[in-house]
Amino acid sequence: ADLGTAQLLAVHRNRSTGRCWLVLEFVEGTVIENPADQLAVEAVAWLARMQSRFLSHPALVGADTELPRHDTAFFSSPVEEARRQVALISPASVGRFGELLDRYEPVVELLATQPRSLVHGGYIPWHVFVDASADPLRVTAIDWELAAAGSPLFDLAYFTDWADAHVQDRLHHAYRLAAEAHGVPLPDRESMERIISGLRLHRTVEWLSKSVARRYPPTKVAKLVRRAESLITGT
């Protein structure tokens, strides 16, 4: 697809152990460590280019794909476990968390009905290399184990979640410009921000569903519940 991803050089299957080795190209470049860096603009522009490829070839992420699908079940799956773990760790937050979950179902419906593209799934700044010495500049995403078929805005929501509001606005604008240049259809700005808030809300609920395994203290759980409350307001 000429998207700058690492080339697959060879595949080796060890039949005695059942292991499969994928030999990939060694990629040069700088890891994005700061979402306010200019390299981050290149990273969100790359998302639009990648999505253009898959939106124009819908069969690649259609019903026959072996990729997980970001459907209603996907967005609903962490809810009950999150509710249980919030009650276990931060009982004082249970009432507030339950109230926001009562408003979560329409968000699930919104997210599950978005156009489908290839989703990286873990598109955060330190999973992206940028080789500025290449001509043209090369963006390479790594760690694709969470790849799926889902909303074109999923990766943008995750990538920009680490930034402050000013930087988020800048990156969202850069993404819109790149999307328009590559023919990626976008909702209006207000709808786009509502979808992004919904995707971040899902991420927060997923974090809460893993509170015990990650050993979150009550203060951390309460903070995540407050974050979820602010995000549900944005949807």
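Me: Which residue follows α7, and what is its phi?
Reply: G183 follows α7, and its phi is positive, near 75°. Helices (H or I, at least four residues) and strands (E, at least two) are DSSP runs, numbered from the N terminus. This is a predicted model: local features need pLDDT of at least 70, side-chain atom pairs count only at pLDDT 80 or more, and totals for chains, interfaces and linings use all residues. Residues are numbered from 1 along each chain as its sequence is written, and side-chain values use heavy atoms, with hydrogens and water left out.

Me: How many residues does helix α7 have, and what span does it reach?
Reply: The expected span of a helix is 1.5 Å times one less than its number of residues. Helix α7 (residues 165-181) has 17 residues. From first C-alpha to last it reaches 24 Å, close to the expected 24 Å. At its start, a side-chain oxygen of D164 comes to within 3.2 Å of the backbone nitrogen of H166.

Me: Which residues of α7 are buried?
Reply: Buried means under 20% relative accessible area, exposed over 50%, partly exposed in between (1.4 Å probe, protein chains only). In α7 the buried residues include V167, L171, H172, Y175 and R176. Contact means heavy atoms within 4.5 Å. The cover over the buried residues of α7 includes α1 (38-55), α6 (154-160) and α8 (189-208).

Me: What counts as a salt bridge, and how many are there?
Reply: The rule asks for a side-chain nitrogen of Lys or Arg within 4 Å of a carboxyl oxygen of Asp or Glu. The count comes to 7 salt bridges. One of them joins R138 and E25, with the closest N and O atoms 2.9 Å apart. R138 lies in strand β6 (residues 138-141) and E25 in the loop between β2 (19-24) and β3 (30-31), so the pair ties together parts 113 residues apart in sequence. R138 is partly exposed at 22% relative accessibility.

Me: Where do E229 and R96 lie?
Reply: E229 and R96 form a salt bridge, closest N and O atoms 2.8 Å apart. E229 is in helix α9 (residues 218-234) and R96 in helix α4 (residues 94-101), 133 residues apart. E229 is partly exposed, at 25% relative accessible area. R96 is partly exposed too, at 32%.

Me: Why do residues three or four places apart in an α-helix point the same way?
Reply: An α-helix has 3.6 residues a turn, so such residues point the same way. Take helix α3 (residues 79-89): R84 and E81 are 3 residues apart there, about one helical turn. Their side chains meet in a salt bridge at 2.6 Å, N to O.

Me: What makes an aromatic pair, and how many are there?
Reply: Rings of Phe, Tyr and Trp (its six-membered ring) pair if their centres lie within 6.5 Å; planes under 30 degrees apart count as stacked, over 60 as edge-to-face and the rest as tilted. The count comes to 6 aromatic pairs. Y123 and F159 form a tilted one: 5.4 Å centre to centre, 40° between the planes. Both Y123 and F159 are buried. W46, Y123, W144 and F159 form one aromatic cluster.

Me: Which residue lies over the face of Y158?
Reply: A charge sits over a ring if NZ of Lys or CZ of Arg is within 6 Å of the ring centre and within 35 degrees of the ring normal. R203 lies over the face of Y158, at 4.4 Å from the ring centre. R203 is also linked with D161, R200 and R227 in a network of salt bridges.

Definitions and conventions
Polar contact = N/O pair within 3.5 Å; in protein donor to acceptor, adjacent residues only side chain to side chain.
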